[in-house]
Amino acid sequence: MPGEPKPTVGLFVTCLVDAIRPQIGFATLQLLEEAGCVVEVPQAQTCCGQPALNSGDDRDAAHLARQTIAAFEGYDHVVLPSGSCAATMVHGYPELLASDPDWAARARAMAAKTHEITSFLADVMGYAPAGRRLNASATYHDSCSGLRELGVAAQPRALLSHVEGLEMRGLPGNDVCCGFGGTFCVKYSEISNAIVTEKAEAIEETGAELLLAGDLGCLMNMAGKLNRRGAKTRCFHTVEVLAGRAEGPAIGEDAP
Amino acid sequence: MTAPFKAPFKNRARAALADPVLKIAIDRTTGNAERKRAAALAAFPEFETARARGRAIKDHVIAHLGHYLELFERNATARGAQVHWAADDAEARAIVTRICLAADAKLVTRAKSMLGEEIGLPHALADAGIERVETDLAEHIIQLAGEAPSHIIWPAMHRTREQVAELFKAGHQPPPAAEDPATMVQSARRVLREKFLSADIGISGANFLVADTGATCTVTNEGNAELTTTPPRIHIVTAGIEKLVPSTAHAFALLRLLVRSATGGEMTQYTTFHAGPRRPGDADGPEEMHIVLVDNGRSRMLADEFREMLRCIRCGACMNHCVVYRQIGGHAYGGTYPGPMGAVLTPVLDGLAASRDLPNACTMNGRCAEVCPVGIPLPTLLRAWRRRSWREGLEPGSLRAGIGIWAQVARRPRLYRLATRIGLPLMRLFGKGGWIARLPLAGGWTDHRDLPRPAARSFMDQYRAQQKARK
C-alpha cells in the first residue's frame with residue numbers, strides 16, 4: 001500500500017549458503033526486495049545451531065539460539081532460504097529455551113515471525129515473480145523439515161508456476177527423505193548413501209533437466225550423488241530459478 | 001533379558017545393505033503396506049478425528065493406569081481368569097514357565113506376540129524343555145529359519161517367498177508339492193493343525209485388555225489365535241500394561257486405526273475377546289486362563305519424557321514409512337522392536353549405552369510421526385534420547401570434540417567470519433572443476449558422493465563488500 005511503511009526483514013542466509021553457494025543468499029535478498037521488504041543481513045549470524053541440537057548438545061544449541069534471537073528479534077520478519085533452519089527457529093528455539101525465564105518469551109516471539117522464504121513470499125507478501133523465463137524441464141523435491149514442520153509444499157510450486165517456459169515434472173517419492181539428515185549423512189554414511197541412491201534414481205527417471213529444492217543441505221546431498229553417478233541433472237535452489245539466476249552455473253558447476 | 005553378544009549397529013547395518021535379496025523383500029512388503037494404508041485412509045475421511053480420539057483414549061488410560069489395572073484385574077478375576085503381575089522380563093518368563101511346568105506341559109502353541117519376544121519367552125520355553133510351536137504363518141517361517149521377527153506385523157518380511165519355499169521344503173514332512181503360495185499355505189496348515197489339537201497350553205498376547213469386562217482381545221488374519229487359545233487345557237496371555245482400554249467400544253475405536261495403519265484393511269479377519277476360561281455349559285475353551293501383566297520399563301516411561309510412547313498400538317506404520325528401516329530392515333536394529341518406535345523403545349528395554357546408535361540413525365524427516373495413528377511425536381522422543389546420550393557422555397569423543405570446536409567458533413561471529421575466510425580457500429584446493437571428490441576428514445561424505453566446491457568468498461564477505469561499494 002502506498003504510504004504504508006515497508007516491512008523490515010532480517011535475512012538469515014544459513015551457514016551452508018554462506019560457505020557453499022552465496023548466490024542463493026543473493027537470490028533470496030533480491031526476491032525479498034522485489035516483494036517490497038527492507039532487507040538487512042545482521043553480521044552476528046553464523047549457524048542456527050541445528051548440528052548441536054540434533055546431536056543432543058542442547059547447551060551449545062541454546063547458546064546459538066540466544067545469539068541468533070538477539071541479532072534478529074528487532075525485525076518485523078526473519079526469513080531463511082531453508083525449511084530446516086527455519087524449523088529450528090520456529091520449533092527448536094522455543095523448546096530449547098522453554099525453561100529459561102529470560103528467553104522463553106523472546107524465543108516464542110521470534111518463532112512467530114520466522115519464515116521459510118517461499119512460504120514468506122507466497123503467504124505473507126502475496127508475491128509472484130513477473131517476467132521470468134527459463135526454458136527447461138524441472139522436478140521438485142520436498143525437503144522434509146519445511147514440508148512437515150512448516151507446511152511448505154504448495155508455495156514453491158505456485159511461485160514456480162509463474163516462471164515461463166519451465167516445465168515441472170512430478171517426482172515419485174517427492175516427500176520421501178533424501179537421506180541427508182544433517183550430521184546423519186556422515187555419521188551413518190552407508191545408510192545415507194543407500195537412501196540418496198534411490199532418490200537419485202527417481203530423479204534421473206523423471207528425465208528432468210533440473211532438480212529444484214528449498215534446502216541446500218538436501219540439494220548438496222542429491223547433487224553430489226547425481227554427479228558421482230554421472231547424471232546430467234543440474235541442481236538449483238528454488239529461489240535461484242524464481243530470481244532469474246538459474247542461467248549460470250548450477251550447484252557443483254564452478255563459476256570462474 | 002540379557003542380550004546375547006551382537007555386532008555393533010553399523011556392522012549389522014552394513015551387512016543388511018549388502019544383501020540384495022533382503023532389499024527386495026523389504027521393498028515388497030513396505031511398498032505394499034504403504035500403498036494399502038494410503039488407499040485405506042483415502043476411504044476413511046474421518047481419520048483425523050479418529051486419530052485424535054485414539055490419542056485421547058490412550059492418554060486417558062495412561063493418566064489413570066493404576067485405576068484401570070485394578071479394574072481389569074477385578075473383572076478378569078471375576079470371570080475366572082488368574083491375573084499375574086510381572087515387574088520385568090525375568091519375572092514374566094518365570095511366571096509363564098512355572099505355569100507350564102505345573103501343568104506338566106510338553107507342547108505349547110503360541111500366537112504371535114511381540115511382548116512374548118520382548119520378554120524372551122521363546123528361549124525360556126526351550127530352556128524349560130518345552131516344545132514351542134509358533135502358529136502365525138510368518139512366525140512359523142522364522143521358527144523354521146531359527147530367526148527373530150524383523151517387523152512387528154510381518155515378522156518374516158525379510159524373507160522372500162522363494163526363500164520360504166526352501167524353508168518349507170526342508171522343514172515340512174512331507175514337503176509341499178509346489179512352490180505357489182496356496183500350496184505352501186496348505187502345507188503349513190497341515191503341519192500346524194496337528195499341533196493345534198495336541199497342545200497342552202496355548203500362549204497369546206493381547207492387542208487390548210478391556211478393563212470393564214476383564215477380557216483380552218486378539219486380532220489376526222489367520223485365525224491361529226483362536227486355534228491357539230481354545231483347544232488346549234490352559235490359555236496364557238502375556239501383555240504389556242499399556243494395552244489397557246476402558247471398554248470394548250474403546251478397543252474398537254483403536255482397532256479402526258490399528259488395522260488401517262497396519263495392513264490397510266478395515267477390519268482384521270478374526271477379532272476375538274477372550275473372557276475367562278470355559279464356563280459350565282460352554283462348548284469349548286480352556287480349563288484355566290492366566291493373564292500375565294508385564295511392566296518391564298513401562299511405569300518408568302510413565303514418569304519421564306517417553307510417556308507418549310505408551311500410546312503405541314504396535315501398527316508398524318512408522319517403520320513402513322521410514323527411509324532407514326526400508327534400507328536396513330528390522331534385524332539390524334538389534335532389539336525386539338525395529339524402526340522408529342523400536343529406536344525409542346530399545347533404549348528403555350536394553351539400556352541406552354547398548355543402543356545409542358538407534359535414536360541417532362535417523363534423518364529426523366518426520367514421516368513416522370506423520371503416519372502414526374495415535375500421534376506419537378517420534379522424532380521428538382528420538383531427540384530426547386540423543387540429549388540424554390550426550391549428557392551421559394555416551395556419544396563418541398570425536399563427535400563431542402568436533403561439535404565442541406565448531407560451537408566455540410559459531411558462538412563468536414567475528415571468529416567465524418575469519419574461519420570461513422581461511423577455510424573456504426583451503427577447501428577449494430581439494431576441488432577439481434566445481435566438485436571435491438576426496439576431502440580429508442570428510443570421507444563420510446566423499447566416499448559416496450561428490451561435494452560441491454565451496455565459494456571462494458562467503459556470502460557475508462561478498463555482501464559486506466557490496467554494501468561498502470554502495471556507500
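Predicted model: local features only at pLDDT ≥ 70, side-chain atom pairs only at ≥ 80, totals over all residues.
Let us start with chain A. Its secondary structure comes to 13 helices and 8 strands. The radius of gyration of chain A is 18 Å, close to the 18 Å that the globule rule gives for 256 residues, so chain A is as compact as a globular protein of that length.

Chain A is divided into two parts, with domain 1 covering 8-123 and domain 2 covering 129-242. Their C-alpha centres lie 22 Å apart. Where these domains of chain A touch, domain 1 gives 29 residues to the contact and domain 2 gives 22 residues. On the domain 1 side, at least two residues come from each of α1 (15-19), α2 (22-34), α3 (50-55), α5 (83-96) and α7 (117-124) of chain A. By class, that side of domain 1 of chain A holds 14 nonpolar, 12 polar and 3 charged residues.

One backbone detail in chain A deserves a look. Most residues other than glycine have a negative phi. T14(A) is not a glycine, yet its phi is positive, at about 80°. You will find T14(A) in the loop between β1 (8-11) and α1 of chain A.

Now turn to the place where the two chains meet. Here 57 residues of chain A are in contact with 50 residues of chain B. Helix α20 (residues 397-410) of chain B supplies the largest share of the chain B side, with 5 residues. The side of chain B that touches chain A comprises 26 nonpolar, 13 polar and 11 charged residues.

Chain B has its own domain assignment, which gives domain 1 (9-299) and domain 2 (398-470). The C-alpha centres of these domains of chain B lie 53 Å apart.

In one of them, helix α3 (residues 47-63) of chain B packs with helix α12 (residues 248-262) of chain B at an angle of about 130°, and their axes are 9 Å apart. That angle makes α3(B) oblique to α12(B), and α3(B) passes α12(B) in a left-handed crossing. From α3(B), the residues A50(B), R51(B), R53(B), G54(B) and I57(B) meet H250(B), A253(B), L254(B), R256(B) and L257(B) of α12(B). This contact of α3(B) with α12(B) has 5 nonpolar, 2 polar and 3 charged residues.

The other pair is formed by helix α9 (residues 161-171) of chain B and helix α10 (residues 181-198) of chain B, which pack at an angle of about 40° with axes 11 Å apart. Because of that angle, α9(B) counts as oblique to α10(B). The crossing of α9(B) past α10(B) is left-handed. Here R161(B), V164(B), A165(B) and F168(B) in α9(B) meet P181(B), M184(B) and S187(B) in α10(B). The residues of this contact of α9(B) with α10(B) divide into 5 nonpolar, 1 polar and 1 charged.

Our last stop is the loop between α9 and α10 of chain B, where P174(B) has its place. Most peptide bonds are trans. The bond that joins Q173(B) and P174(B), however, is a cis peptide bond, with omega about -10°.

Terms used: Residues numbered from 1 in each chain as written. Chains lettered and ligands numbered in written order. Axes fitted to C-alpha atoms, helices over the stretch in contact; angles between N-to-C directions. Helix = DSSP H or I, 4+ residues; strand = E, 2+ residues; numbered from the N terminus. Parallel < 35°, antiparallel > 145°, perpendicular 65-115°, else oblique. Left-handed = near helix turned anticlockwise from the far one by under 90°. Contact = placed C-beta atoms within 7 Å. Nonpolar A, V, L, I, M, F, W, Y, C, P; charged D, E, K, R; others polar. Domains from an automatic or database assignment. Rg over C-alpha atoms; globule rule 2.2 N^0.38 Å.
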